[in-house]
Amino acid sequence: MNDIWTDRLSEYLDGELSAEERRELEAHLAECPECSATLDELRRVVARAAVLEDQPPTTDLWPGIAERIGVSSGEAPAALTDLDEYRDRKRAGLGRRRFAFTLPQLAAASVALVVLSGGTAWLMSRAARPTESEPPAAEAPAAPVPASFVSTEYDAAIVELEQILAANRDQLDTATVRVIEENLMIIDRAIGQAQRALAQDPASTYLHEHLVGTMRQKLEFLRQAAEMTGAVS
Amino acid sequence: MIGPDLADEVTQDVFVRTWRKLDSFRGEAAFGTWLHRVAINVILGRRKKLGIARERFVNGEKALGGLSQKPPGAETAIDFESALATLPEGARQVFVLHDMEGYKHDEIAEMLEISSGTSKSQLHRARMILRDYLDR
């Protein structure tokens, strides 16, 4: 089995043939069971490759590197531990996500964060110092800042953005996408830490501000990523 | 490429080399592309030191010709990952970068200093070899 189309099967699989070539190859596939079988096997190879795991170092490499570049090896850089999370995401099928969203979506998300941030500050100020115009008896209970509300609205905005990730995936080079993913992972980790701390200390003004600030950082990062794709300006 | 026993050592070399050459990164290529180029140079340097000849990318047919004639039943002797390790250097690098790491052909071409067409042909030949080592 080796006809003129055999060597084009990978290009077909990767979507790199022209429309005309694709039509010709598909017509050929309909009549050539051998090429069809080969194509199926190539698909399986690609699928198999996608789930192969990187082999981690057999030992901690950081002490040796630290010694050679003349820095303290007391603590491994955060990136090393982040790597495990990256691999988990990759295994979960999130490793190759790309970012694409529209300006209205970004604007909506930005507005949501501004409102939430303002709302948080407002609630904080109310909880911290009752004003003269507000009799204490009439004041609402000093309810904790609704972190779940903040989180729900924010998550909805992010989810909405991420639901259309694939649209402009080819606008960024792979290395850039990786940098974006890794930075988002770090930001997500910071958000997670802030949320956990907030669960322990719901009345902490600092933690609320930190959480909102980190969320805003993520949104800004996503906005910059969108600018790089050319989807927004 | 260099064997698992040396992989950790070379990984350290890559990190140290990158650290020392950071000021030479001018942003003309994506950082990841530049980093891969540094890594490849470190690996090739190590291979040269070990006396391992580099197989040429440009002669894919010659480089891959031997493996495509695997002995009958060989697929039962080694698994997919082991087969991947036996691919010629050029085919393996393209396969890893494209199918495992998700890089595009033009990015791979820049990293490996080959043409995009060579990257495509190396990838196809690597896949054609590896399909014989899929789980049945």
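Author: Let's start with H2(A), whose buried residues pack against H1 and helix H3 (33-50) of chain A. Here contact means heavy atoms within 4.5 Å, and helices are DSSP runs (H or I, at least four residues; strands are E, at least two), numbered from the N terminus. This is a predicted model, so local features need pLDDT of at least 70 and side-chain atom pairs pLDDT 80 or more, while totals for chains, interfaces and linings use all residues. Residues count from 1 along each chain as its sequence is written, chains are lettered from A and ligands numbered from 1 in the order written, and side-chain values use heavy atoms, with hydrogens and water left out.

So who is doing the packing? The buried residues of H2(A) are A:Leu25, A:His28 and A:Leu29. Looking down the axis of H2(A), you'd find them within an arc of 100 degrees, so they line one face of the helix; the arc is taken from the directions from the helix axis to the C-beta atoms. Buried means under 20% relative accessible area, exposed over 50%, and partly exposed in between (1.4 Å probe, protein chains only). Turned away from the buried side are the exposed residues A:Glu20, A:Arg23, A:Ala30 and A:Glu31. H2(A) has 13 residues and spans 19 Å from first C-alpha to last, close to the 18 Å expected (1.5 Å times one less than the number of residues).

UniProt, in an unreviewed entry, puts "domain: Putative zinc-finger" at residues 5-35 of chain A; annotations like that may be inferred rather than shown by experiment. In the model that span is 68% helix and 0% strand, with its end C-alpha atoms 8 Å apart.

Now the charges. Within chain A, A:Arg8 and A:Glu11 form a salt bridge at 2.8 Å, N to O, meaning a side-chain nitrogen of Lys or Arg within 4 Å of a carboxyl oxygen of Asp or Glu. A:Arg8 is partly exposed at 23%, whereas A:Glu11 is buried at 16%.

A:Asp14 bridges to B:Arg127 at 3.0 Å. A:Asp14 lies in the loop between H1 (9-13) and H2 (19-31) of chain A, and B:Arg127 in helix H8 (residues 116-130) of chain B, so this pair joins two chains. A:Asp14 is partly exposed at 27%, but B:Arg127 is buried at 0%.

Another salt bridge links A:Arg68 and B:Asp13 at 2.9 Å, running from helix H4 (residues 62-69) of chain A to helix H1 (residues 4-21) of chain B.
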